[in-house]
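The tour below goes from one selection to the next.

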Amino acid sequence: MPISKAKRWLKKALLRSSILRTASRFAPSAAVVLMYHSIAEDERATEHILGVSRGRTSFEAHMETLARHFSPVSIEDVAQFAESGRQLPPRAVAVTFDDGFADNYDIALPILNRYGVPATFYIMVDAVANGALPWYCRIRFAFSTTAKSDWSNPTSNQKYTFRSPMERKAVMTAAWESAAKMTGKQQQDFVSGIEKSLEIEPVKGRNGFMLTWDEVRALKKAGHIIGAHTLSHPNLAQVSEWEARCEIVGSRDTLEKEMGEPVEHFSYPHPALNPQWSSLTHDITREAGFKSAVLTTPGPVRTGDDPLALRRIGTPADLDQFTWNLQCTFLGRSS
Ligand SMILES: [Zn+2]
């Protein structure tokens with residue numbers, strides 16, 4: 001049997017047995033935070049636009065697994081567990097969504113409610129307020145569908161030619177990296193410039209991709225938590241202090257106005273480049289009064305961890321891989 005096949009077989013055998021589950025009971029107490037973005041009816045249909053979707057069927061299987069074999073908890077519970085050792089049930093898992101896609105309401109909400117899984121939805125405020133696609137999706141769409149094969153980056157004057165899928169991906173990444181350092185109008189102008197030079201008709205505004213404020217309020221009313229995810233989704237560690245402050249505090253203020261109550265949880269965007277946070281952004285989130293902030297750095301959350309820098313893990317579509325990653329994270333091992 002080839003090694004990769006043998007590994008897969010062993011993984012499956014371990015998952016079917018209760019060995020990993022039992023082992024995680026004896027591992028040091030931990031919680032895990034899961035990260036989702038969009039939940040699509042068919043994730044392949046919008047791959048060239050969103051590129052961050054999980055399919056409905058996978059998501060439902062994930063939630064059923066959580067409800068059956070784990071203990072779904074809120075991000076508030078996890079933050080208190082990190083900060084003060086608040087008791088959590090064994091194998092506690094919190095579910096989170098970034099950005100504010102409309103399918104969070106249309107598809108994810110009924111499934112979450114059916115399985116009794118509480119979730120936190122981190123809203124990219126400008127995208128929801130304007131009903132506009134996040135800029136990283138617009139860039140993906142532009143480079144994925146253009147008939148052109150060259151682009152010049154106005155921020156560096158670097159010229160790119162792309163013919164193969166790999167070259168296309170590389171130039172798209174270069175564009176993401178430039179835009180990740182921008183906020184607000186500068187970022188909008190940069191992305192519009194890409195669409196213009198690639199001769200792409202931008203994906204239209206209110207096209208159902210993003211939540212409306214009424215839907216955000218309905219998520220809250222259904223018992224879930226609404227958190228902030230900046231105004232324009234830059235990499236906060238790569239922008240000026242003033243811009244970071246506007247993005248962090250501004251997104252909280254707008255959300256509080258729309259929700260009519262305090263917004264206490266934050267998620268760091270990670271569109272491109274590393275790191276995604278700094279001691280300065282950490283201080284701003286603390287001064288802004290956030291109780292927790294989540295990262296895209298994988299790993300478990302343990303008591304004593306900084307609640308303003310909580311780790312989260314990704315959510316592979318395949319159920320065995322999803323369960324394996326969860327089990328390994330509880331054991332403090334990378335998957
Ligand atoms: Zn995001």
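Two residues are in contact if their C-beta atoms, placed from the backbone, lie within 7 Å. The model is a predicted one. Nine of the eleven residues of H7 are buried: Trp 135, Tyr 136, Cys 137, Arg 138, Ile 139, Arg 140, Phe 141, Ala 142 and Phe 143.

**The whole chain**

Zoom out. The protein chain contains 13 helices and eleven strands. It has 335 residues, of which 42% count as buried. If contacts are limited to residues at least 6 apart in sequence, 71% of them join residues at least 24 apart.

Select strand S1 (residues 31-36). Why is S1 described as largely enclosed by the rest of the structure? Six of its six residues are buried, so the rest of the structure largely encloses S1. In a regular strand the side chains alternate between the two faces of the sheet.

S1 and S5 pair in the parallel sense, over six bridges. One place to look is Leu 34, whose bridge partner in S5 is Val 95.

Five bridges join S5 to S6, and the two strands run parallel. Between them the chain goes from S5 through helix H5 (residues 103-115) to S6, a β-α-β crossover that is right-handed. For a residue pair here, pick Asp 99, which has Ile 123 in S6 as its bridge partner. Five of the five residues of S6 are buried. Ala 119, Phe 121 and Ile 123 lie on one side of S6, with Thr 120 and Tyr 122 on the other.

Then select strand S9 (residues 225-228). S6 and S9 run parallel and are joined by four bridges. Phe 121 stands opposite Ile 226 of S9, while the bridge partner of Tyr 122 in S9 is Gly 227. Which residues cover the two sides of S9? Ile 225 and Gly 227 are on one side, Ile 226 and Ala 228 on the other, and all of these are buried.

**Two helix pairs**

Two packed helices are described by the angle between their axes and the distance between the axes. Select helix H3 (residues 56-69) together with H5. Their axes come within 10 Å and cross at roughly 20°. Angles under 35 degrees count as roughly parallel, which makes H3 roughly parallel to H5. The crossing of H3 past H5 is right-handed. To display the contact, select Arg 56, Phe 59, Glu 60, Met 63, Glu 64, Leu 66 and Ala 67 of H3, then Ile 107, Ala 108, Ile 111, Leu 112 and Tyr 115 of H5.

Move to helix H11 (residues 241-259) and helix H12 (residues 279-287). The axes of this pair come within 10 Å and cross at roughly 35°, and H11 passes H12 in a right-handed crossing. From H11, Glu 241, Ala 244, Arg 245 and Ile 248 meet Leu 280, Thr 281, Ile 284 and Thr 285 of H12.

**Arg 252**

Stay on H11 and select Arg 252, which is in this helix. Is Arg 252 buried or exposed? The residue is buried, because it has 24 other C-beta atoms within 10 Å and the cut-off for buried is 20 or more. Apart from residues up to four places away in sequence, Arg 252 touches Ala 228, Val 263 and Ala 288. Draw a distance between the C-alpha atoms of Arg 252 and Ala 228: they are separated by 5.8 Å, although the two residues are 24 apart along the chain.

**Backbone exceptions**

Most residues other than glycine have a negative phi, and most peptide bonds are trans. Select His 233 in the loop between S9 and H11. His 233 is not a glycine, yet has a positive phi of about 65°. With 25 other C-beta atoms within 10 Å, His 233 is buried.

Now go to the loop between S10 and H12, where Leu 273 lies. Leu 273 has a positive phi too, near 70°. Leu 273 counts as partly exposed, with 16 C-beta neighbours inside 10 Å.

Finish at Pro 275, in the loop between strand S10 (265-267) and H12. The peptide bond from Asn 274 to Pro 275 is cis, with omega near -5°.

Note on methods. Residues are numbered from 1 along each chain as its sequence is written. This is a predicted model: local features need pLDDT of at least 70, side-chain atom pairs count only at pLDDT 80 or more; totals for chains, interfaces and linings use all residues. A residue is buried if 20 or more other C-beta atoms lie within 10 Å of its own, exposed if 12 or fewer, and partly exposed in between; C-beta atoms are placed from the backbone. Two strands pair if DSSP finds at least two bridges between them. A crossover is right-handed if, with the strands pointing away from the viewer, the path from the first strand over the helix to the second runs clockwise. Axes are lines fitted to C-alpha atoms, for helices over the stretch in contact, and angles run from 0 to 180 degrees between N-to-C directions. Angles under 35 degrees count as roughly parallel, over 145 as roughly antiparallel, 65 to 115 as roughly perpendicular and the rest as oblique. A crossing is left-handed if the near helix is turned anticlockwise from the far one by less than a right angle, and right-handed if clockwise.
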